[in-house]
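Okay, everyone, thanks for coming. Let me put my structure up and walk you through it.

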Amino acid sequence: MRPMAMAWDADRRTALVATTASQQIHTGALTFVDVESGDMDVRNFLPGQNTRALTVDGDFAYLAGDVYAEGTGEHPLEVASVAEIDLRTREVTRIFEPRGWASLESVVVLDRILYVMARRPSGHWYALDLEAEEVVASGEMGGYGTLAVHLGTVYTWDKWTDSIQALTLEDGGGRRTVYEHVPDGWFNNPDFGFVRRIRGAWGAHGTDLAWFPLT
């Protein structure tokens with residue numbers, strides 16, 4: 001009932017929409033939308049979990065879950081999963097649960113490395129090598145928020161530390177502050193409005209629209 005994330009599968013010209021239940025229901029879904037016909041194919045890839053985040057990388061989508069339901073502290077499961085979905089067959093190929101976290105918040109892929117941010121525990125992250133299926137870096141950012149990839153860099157922005165940071169794999173996981181003291185003017189996570197081939201992003205500075213050059 002509640003749209004959480006969208007992604008575009010360019011090869012199949014299909015929009016992917018991750019939705020979650022609105023109140024006290026542990027059910028999420030991923031809908032494949034044919035943009036030409038309007039046909040919809042609704043699948044539940046994470047039984048017993050709500051869906052929280054989504055990203056597409058080539059022929060695969062990565063869907064992150066949350067064992068908590070909206071409006072309740074009850075959770076029949078203990079560990080949230082990331083499902084790898086083959087977009088050619090619409091079947092789950094692998095499930096990742098390398099850290100025993102209950103809620104995931106954001107996922108991105110860069111150079112076949114899957115970056116996952118947690119909501120519970122808040123702001124913790126790991127980077128998983130998709131070929132080796134092992135964690136190659138991890139860390140903590142001070143609070144959950146948004147992960148995004150732009151021009152070969154993984155950026156994160158959260159409202160708890162009021163900062164924009166860049167993640168690295170160096171020394172087992174590092175982060176570099178790009179901007180600090182960015183005022184929080186919204187209830188939801190901050191978001192990046194990237195401009196193609198320009199190392200910068202539009203975003204919210206309090207309740208103002210602002211341009212952030214990125215390094």
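So, which residue in S14 is the bridge partner of histidine 150? In S14, that partner is threonine 153. A quick word on ground rules: this is a predicted model, where local features need pLDDT of at least 70 and side-chain atom pairs count only at pLDDT 80 or more, while totals for chains, interfaces and linings use all residues. Residues are numbered from 1 along each chain as its sequence is written, and side-chain values use heavy atoms, with hydrogens and water left out.

Back to those strands. S13 and strand S14, residues 153–158, run antiparallel and are joined by six bridges. They belong to an open, antiparallel sheet of four strands, in the order S13-S14-S15-S16. I'm calling two strands paired if DSSP finds at least two bridges between them, and a strand is a DSSP run of E, at least two residues, numbered from the N terminus. S13 (145–150) and S16 (174–179) are at the edges with a single partner strand each, so one side of each has no neighbour in the sheet.

Now the whole chain. We have 19 strands and zero helices; a helix here would be a DSSP run of H or I, at least four residues. Buried residues, meaning under 20% relative accessible area with a 1.4 Å probe, counting protein chains only, make up 48% of the 215. And the C-alpha trace spans about 40 × 40 × 40 Å along its principal axes.

Note on methods
Buried < 20%, exposed > 50% of the residue type's maximum accessible area, 1.4 Å probe, protein only.
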